[in-house]
Amino acid sequence: MKFLSLLAMESATVDAAADAAVATEEMGAGAGILGTLISLLPMILIFVVFYFMLIRPQRKKEKKVQEMLAALKVGDRVSTIGGVYGTITAIKDDTLELSVGKDNVKLMFARWAIRQVEDVAIENDAEVLN
C-alpha cells in the first residue's frame, strides 16, 4: 500500500512538472516575441523621428520648388542657382531664355537652374536692371 501511494505521488509530481514545463515554453514563446518587439522599439522610434524631422520637410520643400518651376512665365524676374538675375523672355520645354543686364543679353538656362522668382526688381546703384 505504501508502495502504491509513493507511486501515485511520483506520477502526480511528474505530471505537475510536465505541466509546468509546457507552461514555461508557452510563456517563453510569448516573452520572445515581446522581447523582440521591445528591442525593435528604439529603431522604430528613430525612424519616426527622422521621418518627421528630415524626410517630410524635404518632400514639402521639393514639392514647393516643383510648383514654382511649373508656374514660370514670360516676364518673371528670376534668379538662377549661379546667382544670375534676369527676366524670362522665352520658354521652350525645359529651357528658358533670360534677358540679363542693361544691354539685354540673352542667356539660355535649364528650367531646373532657376532658384526663385523675385518679387521686386533688383536695383544697381545708378540704374534699374531688367
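**How many helices and strands does the protein chain have?**

**View 1. The whole chain and its order of elements.** In this predicted model, the protein chain has one helix and five strands, and from the N terminus on these elements run α-β-β-β-β-β. Buried residues make up 15% of the 130 residues in the chain, and the accessible surface comes to about 10200 Å², of which 66% belongs to carbon and sulfur atoms. Among contacts between residues at least 6 apart in sequence, 40% join residues at least 24 apart.

**View 2. The five-stranded sheet.** The strands form an open sheet in the order S4-S3-S2-S1-S5, and their pairing is antiparallel. Strand S4, residues 105–110, and strand S5, residues 114–117, are the edge strands, each of which pairs on one side only. From one strand to the next, the twist averages 45°.

**View 3. Strands S1 and S2 and the hairpin that they form.** Strand S1, made of residues 77–80, runs antiparallel to S2 and is joined to S2 by three bridges. Within this pairing, Arg-77 stands opposite Thr-87 of S2. The hairpin of S1 and S2 has four residues between the strands, and in this hairpin Gly-83 takes a positive phi near 95°.

View 4. Strand S2, residues 85–92, pairs with S3 in the antiparallel sense over five bridges. Thr-87 stands opposite Ser-99 in S3, while the bridge partner of Ile-91 in S3 is Leu-96. Most residues other than glycine have a negative phi. Asp-93, although it is not a glycine, has a positive phi of about 50°. With a relative accessibility of 70%, Asp-93 counts as exposed, because the cut-off for that class is over 50%.

**View 5. Asn-104 in the loop between S3 and S4.** The loop between S3 and S4 is the place of Asn-104, a residue other than glycine whose phi has a positive value, near 50°. The relative accessible area of Asn-104 is 38%, and Asn-104 is therefore partly exposed.

**View 6. The largest nonpolar core.** Which residues make up the largest nonpolar core? There are 11 of them, namely Met-68, Leu-69, Leu-72, Val-78, Ile-88, Leu-96, Leu-98, Val-100, Phe-109, Ala-113 and Ile-114. Helix H1, which spans 2–70, and strand S3, which spans 95–100, each supply at least two residues of this core, and S3 gives the most, with three residues. Met-68, one of the core residues, touches Ile-114, Arg-115, Gln-116 and Val-117 when residues up to four places away in sequence are not counted.

**View 7. Thr-80, a buried residue of strand S1.** Is Thr-80, which has a relative accessible area of 2%, buried or exposed? Thr-80 lies in strand S1 and is buried, because a relative accessible area of 2% falls under the 20% cut-off. Leaving aside neighbours within four places in sequence, Thr-80 is in contact with Leu-98, Phe-109, Ala-113, Ile-114 and Arg-115, and among these contacts Leu-98, Phe-109, Ala-113 and Ile-114 belong to the largest nonpolar core.

View 8. With residues up to four places away in sequence not counted, Val-117 touches Met-68, Leu-72, Asp-76, Arg-77 and Val-78. Val-117 and Thr-80 are 37 residues apart in sequence, and in space they are 9.1 Å apart, C-alpha to C-alpha. Val-117 is partly exposed, because a relative accessible area of 31% lies between the 20% and 50% cut-offs.

**View 9. The aromatic pair of Tyr-51 and Phe-52.** The structure holds one aromatic pair. The rings of Tyr-51 and Phe-52 have their centres 5.2 Å apart and their planes at 85°, so the pair is edge-to-face. Tyr-51, at 29% relative accessibility, counts as partly exposed.

Conventions. Residues numbered from 1 in each chain as written. Predicted model: local features only at pLDDT ≥ 70, side-chain atom pairs only at ≥ 80, totals over all residues. Heavy atoms only, no water. Core = buried A, V, L, I, M, F, W, Y, C linked by side-chain atoms within 4.5 Å. Buried < 20%, exposed > 50% of the residue type's maximum accessible area, 1.4 Å probe, protein only. Contact = heavy atoms within 4.5 Å. Pairing = 2+ DSSP bridges. Axes fitted to C-alpha atoms, helices over the stretch in contact; angles between N-to-C directions. Areas by Shrake-Rupley, 256 points an atom, 1.4 Å probe, with all protein chains shown as cover. Phe/Tyr/Trp six-rings, centres within 6.5 Å; stacked < 30°, edge-to-face > 60°.
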